[in-house]
Amino acid sequence: MFYRNAVVQDVKGMVATHYAAVRSISLDVYSLEVLSSWSPTPNRERVEKLSRVIRTAKTHCIIAEVPKFGITGFAIFDMDYRVLEALYVNPVYSGKGLGSNLLFRIEEHAITLGIETLYLKASINAVSFYRGKGYIGVRESSQELGDGQYMASMSMEKQFHGSL
């Protein structure tokens, strides 16, 4: 397993990882309609949209990769707004520390930029993961999805005091 900054050539693998991660979420947490809106079937439009994100100077994106498997996870950090926009792990690699390592790398980067607070909107299924990493729930919220539908989420934040 190794980690590196994402490049545009990684986007198809990132979209596939996102799709696999979202579609592995229990229907007890979100309806199929929400999951389908959150991560529609991979297509050119999704690849092009994520490619634009990768090219944006204000975005820091890290991927995790396994030789012969490909991209196993990724994280996207909006440096201007101090927001973790995305963190996804292929379910085949879930529970192996991959998400923790991606998050740690984003947090390290934020600290080097002098950022004191990192924000995110956690999906309901991910709230306990972030709480375990020191994030506190600020308020229940919702996340607008690509088709205008909304899903329940939790606005969270973590304050840094010089180091992790």
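This is a predicted model: local features need pLDDT of at least 70, side-chain atom pairs count only at pLDDT 80 or more; totals for chains, interfaces and linings use all residues.
## Leu35 and helix 2

Leu35 sits in helix 2 (residues 32–38); helices (H or I, at least four residues) and strands (E, at least two) are DSSP runs, numbered from the N terminus. Leu35 is buried, at 2% relative accessibility. Buried means under 20% relative accessible area, exposed over 50%, and partly exposed in between (1.4 Å probe, protein chains only). Not counting residues up to four places away in sequence, Leu35 touches Val22, Arg23, Ile25, Leu27 and Tyr30, where contact means heavy atoms within 4.5 Å.

Residues are numbered from 1 along each chain as its sequence is written, and side-chain values use heavy atoms, with hydrogens and water left out.

An open sheet of 7 strands has mixed pairing and the order 1-2-3-4-5-7-6; two strands pair if DSSP finds at least two bridges between them. Strand 1 (2–5) and strand 6 are the edge strands, each pairing on one side only. From one strand to the next, the twist averages 25°. Axes are lines fitted to C-alpha atoms, for helices over the stretch in contact, and angles run from 0 to 180 degrees between N-to-C directions.

Strand 4 (residues 83–89) and strand 5 run parallel and are joined by 2 bridges. Leu84 stands opposite Leu120 in strand 5. Strand 6 (residues 136–144) and strand 7 (residues 150–159) pair in the antiparallel sense, over 8 bridges. Gly137 has Met156 in strand 7 as its bridge partner. Strands 6 and 7 form a hairpin with 5 residues between them, and Gly148 in the turn has a positive phi of about 90°.

Helix 1 (residues 11–23) lies across strand 2 (59–66), strand 3 (70–78) and strand 4, and runs at about 90° to strand 3.

Helix 4 (residues 98–112) has 15 residues and reaches 21 Å from its first C-alpha to its last, close to the 21 Å expected at 1.5 Å a residue. The expected span is 1.5 Å times one less than the number of residues in the helix. Buried residues of helix 4 include Leu98, Leu102, Ile106 and Glu107. Gly114 follows helix 4 and has a positive phi, near 85°.

## Nonpolar cores

In soluble globular proteins, nonpolar side chains tend to be buried together. A nonpolar core is here a set of buried Ala, Val, Leu, Ile, Met, Phe, Trp, Tyr and Cys residues joined through side-chain atoms within 4.5 Å. The largest one has 25 residues, and those with the most contacts inside it are Leu84, Leu87, Leu102, Tyr130, Tyr135 and Met156. At least two residues of this core come from each of strand 2, strand 3, strand 4, helix 4, strand 5, helix 5 (127–132) and strand 7. Helix 4 gives the most, with 5 residues.

Leaving aside neighbours within four places in sequence, Leu102 is in contact with residues including Ile62, Ala64, Phe74, Leu87 and Val89. Apart from this core lies another, of 23 residues, among them Val15, Ala21, Ile54 and Met151.

## Polar residues on the strands

Glu65 is found in strand 2 and is buried, with a relative accessible area of 17%. The side chain of Glu65 makes a polar contact with the side chain of Arg4 (3.1 Å). A polar contact is a pair of N or O atoms within 3.5 Å; within protein, one must be able to donate a hydrogen and the other to accept it, and residues adjacent in sequence count only if both atoms are side-chain atoms. Beyond four places in sequence, the contacts of Glu65 include Met1, Phe2 and Thr72.

Ser123, in strand 5, is buried at 10% relative accessible area. The side chains of Ser123 and Asn125 make a polar contact (2.8 Å). Ser123 also touches Tyr30, Trp38, Met151 and Ala152, not counting residues up to four places away in sequence.

Lys121 belongs to strand 5 (residues 117–123) and is partly exposed, with a relative accessible area of 42%. A polar atom of the Lys121 side chain lies 2.8 Å from the backbone oxygen of Ser142. Sequence neighbours within four places aside, Lys121 is in contact with residues including Ser141, Gln143 and Met154.
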